[in-house]
Amino acid sequence: MAGCRFRTIGNGACGTALPGRLSRLQAIHPHRSGQRNSSRIARYRGDLLTASELTGVCLRQFREMGERRAEAVSLGELGQLALLRGDLDEATSRLLEAGTRHLELRDELNLSRCVEGMAIAALAMHQAQVTARLAGAATAWRERTGSTRTHPERDALESAIREARASAPDAFDAGWRAG
């Protein structure tokens, strides 16, 4: 990749550092990538408490550094983790805050992740029309930008769509069209 160099970061893992801001961040705080990766590993292993703690550490550090995009990503991840734990209040609060920041930054990929998470939270609150509207909007963003979902994200959203459609077909259809 032109303009990139390899360097050792955090726990000794080899990563690609892009010139500019990313390499500056890694030079100042080389452990940040290791924490984010450890959080993801904990999440995939089902250790949601550890994943939340590590992501919270990253959020605080990104706030201290003034890194708005990384802060928004961390907020979104905390929202997704709260959703997985079943804490709908925290999930919607974090996802809404993250989504607002992603919107300000014109980051449609991460915004769509937040909207998808809010759609799943709406389903858990028995709001089929809201679920459909949010899922429809996120799907439209994904199609327009050509972005894809991870397998767990896709499975969770498709399951929420099926469940919402089955529970209230008319409300779901109206919401989907509005989204």
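Helices here are DSSP runs of at least four residues, numbered from the N terminus. The model is predicted. Its chain averages a pLDDT of 80, and 80% of the residues score at least 70.

**Confidence**
- Helix 5 (residues 88-104) has the highest mean pLDDT among the elements, at 96.
- Strand 1 (residues 5-9) has the lowest, at 30.
- The pLDDT stays below 50 over residues 1-31. Beyond near neighbours in sequence, that stretch has 38 contacts in the model.

**Helix 3**
- Helix 3 covers residues 48-65, which makes 18 residues.
- From first C-alpha to last, helix 3 reaches 25 Å, close to the expected 26 Å.
- Its buried residues include Leu48, Ala51, Thr55, Leu59 and Phe62.
- Phe62 sits in helix 3. Phe62 counts as buried because its relative accessible area is 4%, and the cut-off is under 20%.
- Ala72 is 10 residues from Phe62 along the chain, and their C-alpha atoms are separated by 9.2 Å.

- Five helices each supply at least two lining residues: helix 2 (32-44), helix 3, helix 4 (68-85), helix 6 (108-124) and helix 8 (151-167).
- Helix 2 gives the most, with 5 residues.
- By class, the lining has 6 charged, 5 polar and 4 nonpolar residues.

Note on methods. Residues are numbered from 1 along each chain as its sequence is written. This is a predicted model: local features need pLDDT of at least 70, side-chain atom pairs count only at pLDDT 80 or more; totals for chains, interfaces and linings use all residues. Side-chain values use heavy atoms; hydrogens and water are left out. pLDDT is the predictor's confidence in each residue, from 0 to 100. Contact means heavy atoms within 4.5 Å. The expected span of a helix is 1.5 Å times one less than its number of residues. Buried means under 20% relative accessible area, exposed over 50%, partly exposed in between (1.4 Å probe, protein chains only). Ala, Val, Leu, Ile, Met, Phe, Trp, Tyr, Cys and Pro count as nonpolar, Asp, Glu, Lys and Arg as charged, and the others, Gly among them, as polar.
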